[in-house]
Amino acid sequence: MNRLRYLPAIAVCVVAGLGSRAYGGYLPEFAAEYLGDVLWASMVYFGVCLVWQAAGIGRAMLCALVFSYGIEISQLYQADWINAVRGTRFGALALGHGFLWSDMACYTLGILLAAGVDRVLIRRGPGRTCPRIYPRKRKATRARSRPK
């Protein structure tokens, strides 16, 4: 599978996420509050798929969750140097400012949604069937004799 299929998904997440922050006043309050975090986690999932092409959907989800949760938990650390990094625009977008449990829920939702998009739209290309998250084990079949 061509890993470049994930670039448009990442671009959509970045543009929509930045738009949700810049134009949050035009969105419903709930969406303005949480949509950026959902999209950020979706972008992380697609980034994992871009970098680690051999990962199945389950492993990519786990990797994206660990990364996202790690970033959120790192916000409990408040040293001057990391707060200076968080004070920049890129640092704030990448690392956030303060730990929130609601962000953990948003990350989980974003990664689940991204995995669904990946399964239905990205990994299923022309002429391909939808891959399973966990492949089924095939049942052993008996050899049948052919009528002559």
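Tutor: Let's start with a term we will need: a salt bridge is a side-chain nitrogen of Lys or Arg within 4 Å of a carboxyl oxygen of Asp or Glu. Keep in mind that the model we are looking at is predicted.

Student: Thanks! How many helices and strands are there in the protein chain?

Tutor: Read along the sequence, the chain follows the pattern α-α-α-α-α-α. The count in the protein chain is therefore zero strands and six helices.

Student: How many salt bridges does a search of the whole structure find?

Tutor: Arg21 and Asp37 form a salt bridge. A search of the whole structure gives a total of one.

Student: How far apart are the closest N and O atoms of Arg21 and Asp37?

Tutor: This pair links distant parts of the chain, with Arg21 in helix H1 and Asp37 in helix H2, 16 residues apart. A salt bridge needs a nitrogen and an oxygen within 4 Å. In this pair, the closest N and O atoms are separated by 3.2 Å.

Student: How are H1 and H2 oriented to each other, roughly parallel or roughly antiparallel?

Tutor: Helix H1 covers residues 6-22 and helix H2 covers residues 29-51; their axes come within 9 Å and cross at roughly 160 degrees. Angles over 145 degrees fall in one class, so H1 is, relative to H2, roughly antiparallel.

Student: Is the crossing of H1 and H2 left-handed or right-handed, and which residues make the contact?

Tutor: On the H1 side, the contact residues include Tyr6, Leu7, Ile10, Val14 and Arg21. On the H2 side, Leu35, Asp37, Leu39, Met43 and Phe46 are among them. As for handedness, the crossing of H1 and H2 is left-handed.

Student: By class, how many nonpolar residues has the contact of H1 with H2?

Tutor: Let's go through the classes one by one. The contact of H1 with H2 has three charged residues and five polar ones. The number of nonpolar residues in this contact is 14.

Student: H2 also packs with helix H6, so to speak; at what angle?

Tutor: Helix H6 spans residues 101-122, and its axis is 7 Å from that of H2. The crossing of H2 and H6 is right-handed, and the contact has 16 nonpolar, three polar and three charged residues. H2 and H6 are oblique to each other, packing at an angle of about 50 degrees.

Student: What is the C-alpha to C-alpha distance between Leu121 and Arg5?

Tutor: Leu121 has its place in helix H6, and this residue is exposed because its relative accessible area is 60%. Along the sequence, Leu121 and Arg5 are 116 residues apart. In space, C-alpha to C-alpha, the distance is 9.9 Å.

Student: Which helix does Gly70 lie in?

Tutor: Gly70 has 36% relative accessibility and so counts as partly exposed. Its C-alpha atom is separated by 9.9 Å from that of Leu95, 25 residues apart along the chain. The helix that holds Gly70 covers residues 57-74 and is H3.

Student: To finish, what percentage of the 148 residues in the protein chain is buried?

Tutor: Contacts come up here too: of those with a separation of 6 or more, residues 24 or more positions apart account for 66%. As for burial, the share of the 148 residues that is buried is 34%.

Note on methods
Residues numbered from 1 in each chain as written. Predicted model: local features only at pLDDT ≥ 70, side-chain atom pairs only at ≥ 80, totals over all residues. Heavy atoms only, no water. Axes fitted to C-alpha atoms, helices over the stretch in contact; angles between N-to-C directions. Helix = DSSP H or I, 4+ residues; strand = E, 2+ residues; numbered from the N terminus. Parallel < 35°, antiparallel > 145°, perpendicular 65-115°, else oblique. Left-handed = near helix turned anticlockwise from the far one by under 90°. Contact = heavy atoms within 4.5 Å. Nonpolar A, V, L, I, M, F, W, Y, C, P; charged D, E, K, R; others polar. Buried < 20%, exposed > 50% of the residue type's maximum accessible area, 1.4 Å probe, protein only.
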